[in-house]
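Reader: I have a model open and would like to go through its side-chain contacts with you. Could you put it up here before we start?

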Amino acid sequence: MSITQTVSVVKKAVVRICTSVNNQINAYGTGFLVTSDGYVFTCEHVIRDLIQNNLKVLVFLESNLGNYLTFDAKILVHDREHDFAILKIEGENLPFLPLGNYNSVQEGDEAIFSGYPLSVPRVTTHRCTISAKGNDLISPKKINMMQIDG
């Protein structure tokens, strides 16, 4: 699959993590769907303020028509040490990104990443290089991680 084709597939599963305060939408960051029934991976720092302030978590998914579908999200897991969180939205047949195989990625491989940086209203995509792999990059716990330079 070409990079252009990959970007087209990836963008469909990227979501925007938000909340609503006084009928105003506040964007916090990016996540992506990993199952067709609504499991979302994101970073813990994206939802940290929402948790601390007991705010409702909303997930926005751009539809094929260019408008946004809005879902209430439940926080299932949040791990500050590893900056990881899992959310759940109710839905079916949602676009998703299947998880890859960590062992198939090598240092020096080119990759892309997509998201909503700094509350930009559209998904943006950037190229990067896998610059390090290992299970001791940030934690003494044996968790496989990758570092990217983008």
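Author: To begin with a charge and a ring, the charged end of K88 sits over the ring of Y39, 5.1 Å from its centre; a charge counts as over a ring if NZ of Lys or CZ of Arg is within 6 Å of the ring centre and within 35 degrees of the ring normal. This is a predicted model, in which local features need pLDDT of at least 70 and side-chain atom pairs count only at pLDDT 80 or more, while totals for chains, interfaces and linings use all residues. Residues are numbered from 1 along each chain as its sequence is written, and side-chain values use heavy atoms, with hydrogens and water left out.

Reader: And what lies over the face of Y102?

Author: That is K133, at 4.2 Å from the ring centre.

Reader: How many aromatic pairs are there?

Author: The structure holds three, where rings of Phe, Tyr and Trp (its six-membered ring) pair if their centres lie within 6.5 Å, and planes under 30 degrees apart count as stacked, over 60 as edge-to-face and the rest as tilted. One of them joins F41 and F84, whose ring centres are 5.0 Å apart with planes at 75°, so this pair is edge-to-face.

Reader: Which strands do F41 and F84 lie in?

Author: F41 belongs to strand 3 (residues 39–42) and F84 to strand 6 (residues 84–89), so the pair ties together parts that are 43 residues apart in sequence; strands here are DSSP runs of E, at least two residues long, and helices are runs of H or I with at least four, numbered from the N terminus. F41 and F84 also form one aromatic cluster with F32.

Reader: Is F41 buried or exposed?

Author: F41 has 18% relative accessibility and so counts as buried, whereas F84, at 29%, counts as partly exposed. Buried means under 20% relative accessible area, exposed over 50% and partly exposed in between, with a 1.4 Å probe and protein chains only.

Reader: Switching to T19, where does it lie?

Author: T19 is in strand 1 (residues 14–21) and, at 0% relative accessibility, counts as buried. A polar atom of the T19 side chain lies 2.5 Å from the backbone oxygen of K56.

Reader: What is T19 in contact with?

Author: Leaving aside neighbours within four places in sequence, T19 is in contact (heavy atoms within 4.5 Å) with residues including Y28, L50 and K56.

Technical notes: Polar contact = N/O pair within 3.5 Å; in protein donor to acceptor, adjacent residues only side chain to side chain.
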